[in-house]
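User: I am new to this structure and would like to learn how to read its features. Could we go through them one at a time?

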Amino acid sequence: MITFNLWAILVSGIASMAIGAFWYSPKGFGKMWMRLQGINPDDCKPEQMKGMAKAYILTFISTLIIATGLNALISGFAVVGVLNGALLGAIAWFAFSLTTSLPAFFFNIKKPPVTVFFIEVGQLFVAWVVSGVIITLLK
């Protein structure tokens, strides 16, 4: 029987947002990602930042949906142990995230460098694996 642990889902969502915040920060891959995308942080104007709160809220909701799915898989398969939680997170990332990110990259008419793709899916990989661990530990 599948059970849902709302606390584990919430903690996982918050952890995913924290991973993303670090990943795209200047201490993470933020500077490189911006440079590869042709974005100059000095050119960003306040009017361009409008809508960012909505983007963060929708991203957080997305992380909660992912965590809910992982929770269902972990509960349904009765996953036990940190390594198994991490493995399930990695398998789920591969099956559901990487495979849907590839076509978006291939059909991107801007043709960003492949490094952009690896930065973006790398962050998702870490978030899915950490979420798998968190949910397994808190179930």
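User: How many residues does α3 have, and what distance does α3 reach from its first C-alpha to its last?

Analyst: Bear in mind that this is a predicted model. Helix α3 has 25 residues. From first C-alpha to last, α3 reaches 36 Å, close to the 36 Å expected at 1.5 Å a residue.

User: What follows α3?

Analyst: Ala78 follows α3, and the phi of Ala78 is positive, near 50°.

User: Which residues in α3 are buried?

Analyst: The buried residues of α3 are Thr63, Ala67, Leu70, Asn71, Ala72, Ile74 and Ser75. They pack against α1, α4 and α5.

User: Is Ser12 buried or exposed?

Analyst: Relative accessibility is the value to read here. Ser12 counts as buried because its relative accessibility is 0%, and buried means under 20%. This serine is found in helix α1.

User: Which residues does Ser12 touch?

Analyst: Leaving aside residues up to four places away in sequence, Ser12 touches Ala67, Ser131, Ile134 and Ile135. Of these, Ala67 has come up already, as a buried residue in α3.

User: Now the pockets. What shows where empty space is left?

Analyst: The general idea is to roll a probe the size of a water molecule over the atoms, which shows where empty space is left. In this structure, the largest pocket has a volume of about 1100 Å³.

User: How many residues line the largest pocket, and which lie nearest its centre?

Analyst: The lining of the largest pocket has 31 residues, and Tyr24, Trp33, Met52, Tyr56 and Thr59 lie nearest the centre. By kind, the lining divides into 17 nonpolar, 12 polar and 2 charged residues.

User: Which element gives the largest share of that lining?

Analyst: Helix α3 does, with 8 residues. At least two lining residues come from each of α1 (6-23), α2 (30-37), α3 (52-76) and α5 (114-138).

User: What is the volume of the second largest pocket?

Analyst: The second largest pocket holds about 190 Å³ of space. It is lined by 13 residues, of which Ala104, Phe105, Val116, Phe117 and Glu120 lie nearest its centre. Two or more residues of this lining come from each of α2, α4 (82-106) and α5.

User: Which element gives the largest share here, and how do the residues divide?

Analyst: In the second largest pocket the largest share of the lining, 5 residues, comes from α5. The lining residues there divide into 9 nonpolar, 3 polar and 1 charged.

Note on methods. Residues are numbered from 1 along each chain as its sequence is written. This is a predicted model: local features need pLDDT of at least 70, side-chain atom pairs count only at pLDDT 80 or more; totals for chains, interfaces and linings use all residues. Side-chain values use heavy atoms; hydrogens and water are left out. On a 1 Å grid over the protein atoms alone, a cavity is a set of points where a 1.4 Å probe fits but cannot get out, and a pocket is an open set with protein on both sides within 12 Å along at least five of seven lines; lining residues have an atom within 4 Å of a point. Grid points are joined across faces, edges and corners, and a volume is the space filled by probe spheres set on the points. Helices (H or I, at least four residues) and strands (E, at least two) are DSSP runs, numbered from the N terminus. Ala, Val, Leu, Ile, Met, Phe, Trp, Tyr, Cys and Pro count as nonpolar, Asp, Glu, Lys and Arg as charged, and the others, Gly among them, as polar. The expected span of a helix is 1.5 Å times one less than its number of residues. Buried means under 20% relative accessible area, exposed over 50%, partly exposed in between (1.4 Å probe, protein chains only). Contact means heavy atoms within 4.5 Å.
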